[in-house]
Amino acid sequence: MTTEHLLNQSITSGQALIQNPIMSVRGLNVFYNQFHAVKNINLDIGNQQILALIGPSGCGKSSFLRCLNRMNDTISDCRITGTIEFDNQNILNKNIDPVYLRARVGMVFQKANPFPKSIFENIAFGIKIHGLSTNNQDLEHQVKKALDKVGLLKEVEHRLEQSALGLSGGQQQRLCIARAIAINPEIILMDEPCSALDPIATAKVEELIQNLKQNFSIVMVTHSMQQAKRLADRTAYFHIGELIEVNETSLIFNQPQNNLTHQYVEGKFG
Ligand SMILES: Nc1ncnc2c1ncn2[C@@H]1O[C@H](COP(=O)(O)OP(=O)(O)O)[C@@H](O)[C@H]1O
Ligand SMILES: [Mg+2]
């Protein structure tokens with residue numbers, strides 16, 4: 001089936017396809033046993049842009065996001081159909097190594113999940129297993145560089161050998177972002193990265209996400225419409241497994257084309 005044919009069947013309003021995407025999702029379905037959780041999604045991910053995924057709880061945002069680096073592989077009754085093109089390959093193809101893929105498409109979760117190891121080791125681990133450092137001095141340099149990029153270096157420089165679990169929630173989340181960027185992914189997936197943080201920590205992480213856009217492409221699930229407005233270049237509205245509308249963020253919030261999008265952004269349900 002051609003892309004055009006798939007798009008003709010799509011119910012999505014707005015602009016799902018863009019020029020020079022970094023990743024292209026076509027005809028994507030996610031099933032958990034018989035339950036159809038994500039329905040025929042066609043959507044391009046912009047290069048060095050932030051794409052926000054919004055919509056009511058249970059509409060399939062996390063299920064969709066997890067497809068983009070094959071995290072759904074770990075769920076046994078989960079079945080996926082369709083294609084996701086990244087660097088001229090369909091990443092859903094079984095011959096794509098998910099470990100290699102996840103080095104290129106990193107992920108940050110809702111709840112910060114540092115390893116129960118030192119702050120240093122949390123960052124060094126990925127650099128080492130992907131063979132990205134040549135010697136200990138270079139490793140230390142890379143660890144510090146990643147911590148600096150997330151604005152954490154000054155806060156933790158004197159205690160790199162202490163457990164990461166002793167950091168505050170906001171610091172832990174920035175550490176997890178540092179861990180993700182330390183291995184130079186091209187895309188970073190974030191599933192409600194601020195929902196467990198207080199407003200001050202949220203503001204810091206938001207500022208960080210905004211800066212990351214210079215070097216990475218980001219797909220972010222958020223339940224905060226304000227956050228989507230502040231950060232995202234494009235916003236996609238999901239409803240019961242379907243992509244209802246996607247467009248430049250200002251258009252989604254100020255001139256939605258679909259009545260469901262309109263009601264959601266007006267706060268009529270959620
Ligand atoms: N591991 C799973 N097993 C079975 N059903 C699931 C699983 N994960 C999610 N679902 C179902 O798929 C639908 C979409 O869930 P999810 O992707 O988590 O939505 P969202 O992130 O938008 O809240 C929901 O109905 C949810 O109950
Ligand atoms: Mg979710």
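Me: Which residue in β10 does Ile 54 stand opposite?

Reply: Tyr 237. Keep in mind that this is a predicted model. Ile 54 belongs to strand β4, residues 50-54, and β4 runs parallel to strand β10 (residues 234-239).

Me: What makes β4 and β10 a pair?

Reply: Two strands pair if DSSP finds at least two bridges between them. Here 4 bridges join β4 to β10, so the pair meets that definition.

Me: And which strand has the bridge partner of Leu 51?

Reply: That's β9, where the partner is Val 219. β4 and β9 (residues 217-221) are parallel too, with 4 bridges.

Me: What makes β4 "mostly covered"?

Reply: Buried means under 20% relative accessible area, and 5 of the 5 residues in β4 are buried. Ile 50, Ala 52 and Ile 54 point one way, while Leu 51 and Leu 53 point the other way. In a regular strand, side chains alternate between the two faces of the sheet.

Me: How do you know that the span of helix α8 agrees with what it should be?

Reply: Its 14 residues (199-212) should span 20 Å at 1.5 Å a residue, and the end C-alpha atoms are 20 Å apart, so the two agree.

Me: Why say that the buried residues of α8 line one face?

Reply: Among the buried ones are Ala 201, Val 205, Leu 208 and Leu 212. Down the axis of α8, the buried residues fall within an arc of 160 degrees, so they line one face. They pack against β4 and β9, among others. The face turned away carries exposed Pro 199, Ile 200 and Glu 207.

Notes. Residues numbered from 1 in each chain as written. Chains lettered and ligands numbered in written order. Predicted model: local features only at pLDDT ≥ 70, side-chain atom pairs only at ≥ 80, totals over all residues. Heavy atoms only, no water. Buried < 20%, exposed > 50% of the residue type's maximum accessible area, 1.4 Å probe, protein only. Helix = DSSP H or I, 4+ residues; strand = E, 2+ residues; numbered from the N terminus. Expected span 1.5 Å × (residues − 1). Arc of directions from axis to C-beta. Contact = heavy atoms within 4.5 Å.
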